Amino acid sequence: RLCRAEAALGALQAVKLERWEALSAAEIGIARNEELRALRREAVCKALGVMVATITPTMVSCATFTSLVLAGEQLTAPVVFAAMALFNAMRAPLSALVELFTALAHARVALKRLEQVLYAKD
């Protein structure tokens, strides 16, 4: 989108003389809509990742305690509190994992753009 906008601004005089404003605006609008769709998709993926990272320790603790009860073990306070402490300790690394995946996606996009610039023929 930025490249198209820059090209339109750079050739503004030619655009005005040839009456290409509508064509340039439509092209920039299409690129803008694609970019907005990508940003929405990224926001949804990040929200889902945060939700999963938040819910996972709770779901794992419920499954663990249910398995213990179904196996015939007795839940005592020391066992429950120790397990809860371990499951809560999982929250921070899982949240960091979501941020890591987001950063990796951004790095991948940046590398693709850099690769296009470096391999472009003059």
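**Surface patch.** I looked for nonpolar patches on this predicted model and noted one on the surface formed by Val44, Leu48, Met51, Val52, Ile55 and Met59. Together these residues have about 550 Å² of accessible area. The areas come from the Shrake-Rupley method with a 1.4 Å probe, and for residues only the protein chains shown count as cover. A patch takes residues with over 30% relative accessible area and no salt bridge; nonpolar side chains (Val, Leu, Ile, Met, Phe, Trp, Tyr) are joined within 5 Å, like charges within 9 Å. A salt bridge is a side-chain nitrogen of Lys or Arg within 4 Å of a carboxyl oxygen of Asp or Glu.

**Conventions.** I number residues from 1 along each chain as its sequence is written, and side-chain values use heavy atoms, with hydrogens and water left out. Local features need pLDDT of at least 70 and side-chain atom pairs count only at pLDDT 80 or more, while totals for chains, interfaces and linings use all residues.

**Ile55.** I placed Ile55 in helix H3, residues 21-70. Helices (H or I, at least four residues) and strands (E, at least two) are DSSP runs, numbered from the N terminus. Ile55 has a relative accessible area of 38%, so I list this residue as partly exposed. That class lies between buried (under 20%) and exposed (over 50%), with a 1.4 Å probe and protein chains only.

**Ser61.** I found Ser61 in helix H3 as well. With a relative accessible area of 5%, Ser61 is buried. Leaving out residues up to four places away in sequence, Ser61 touches Met84 and Phe87; contact means heavy atoms within 4.5 Å.

**Aromatic pair.** I searched the whole structure and got one aromatic pair. Phe65 and Phe87 form this pair edge-to-face, at 6.4 Å centre to centre and 75° between the planes. Phe65 is in helix H3 and Phe87 in helix H4 (residues 77-89), so the pair ties together parts 22 residues apart in sequence. Rings of Phe, Tyr and Trp (its six-membered ring) pair if their centres lie within 6.5 Å; planes under 30 degrees apart are stacked, over 60 edge-to-face, and the rest tilted. Phe65 counts as buried at 15% relative accessibility, and Phe87 counts as buried at 13%.

**Whole chain.** I counted five helices and zero strands in the protein chain, running α-α-α-α-α from the N terminus on. Of its 122 residues, 10% count as buried. The chain exposes about 10,000 Å², with carbon and sulfur atoms supplying 67% of that area. Among contacts with a separation of 6 or more, 60% join residues 24 or more positions apart.
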